[in-house]
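Welcome, and thanks for taking a look at this one with us. Here is a short briefing to read alongside the model.

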Amino acid sequence: MKHPLSIAAIIAGRFSSFIRPPQKNQADTNVTLKNAPPAPKEEIQPGPRTGLVWSPGFWNYVGGWYVWEAGHWELERTNQLYLKPGWQKVIHGWQLQRGEWRVTSVSFIKKGTAGKEQDSNPEPHYDPLAAFR
């Protein structure tokens, strides 16, 4: 046996296709619990920033445990509203509402030549990372 490592690599390669990549658990998307979550931690909310939306921290429920997810900045989206994460009291207990974006209007649908005129005069694009470049 001159190349035992090569044979082991071939065998490992043949069986690695049986391993499935981790998949997102669909049960974690709608979490409803009987007991109230812990009180939120106190976070200092930073001042407003142009082009960014602050998403406050919240207690996430992962694998049977409460895990604190720290607040973070989200890039602002045109014609969308950010719904902040948190726990809501419902009939059967407490339900986790994750932060998400909701469309507020459909003004992005362009018709006829009006859309072509708007494309020829684009708005200046805000770059939130320009200060770090």
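What does the accessible surface of the protein come to, and what percentage of it belongs to carbon and sulfur atoms? The surface amounts to about 11,400 Å², with 57% belonging to carbon and sulfur atoms (Shrake-Rupley method, 1.4 Å probe; for residues, only the protein chains shown count as cover). Please keep in mind that this is a predicted model, in which local features need pLDDT of at least 70 and side-chain atom pairs count only at pLDDT 80 or more, while totals for chains, interfaces and linings use all residues. Residues are numbered from 1 along each chain as its sequence is written, and side-chain values use heavy atoms, leaving out hydrogens and water.

**Overall fold**
- The protein has two helices and nine strands (DSSP runs numbered from the N terminus: helices are H or I with at least four residues, strands are E with at least two).
- Along the sequence, the pattern reads α-β-β-β-β-β-β-β-β-β-α.
- Of the 133 residues, 17% count as buried (under 20% relative accessible area; exposed is over 50%, partly exposed in between; 1.4 Å probe, protein chains only).

**Nonpolar core**
- The largest nonpolar core has seven residues: Val31, Leu33, Phe58, Trp59, Trp68, Trp87 and Leu96 (buried Ala, Val, Leu, Ile, Met, Phe, Trp, Tyr and Cys joined through side-chain atoms within 4.5 Å).
- Leaving aside neighbours within four places in sequence, tryptophan 87 has contacts that include Val31, Leu33, Trp59 and Leu96 (heavy atoms within 4.5 Å).

**Glycine 86**
- Glycine 86 lies in strand β7, residues 86-90, and is buried, at 14% relative accessible area.
- Not counting residues up to four places away, glycine 86 touches Phe58, Gln95, Leu96 and Gln97.
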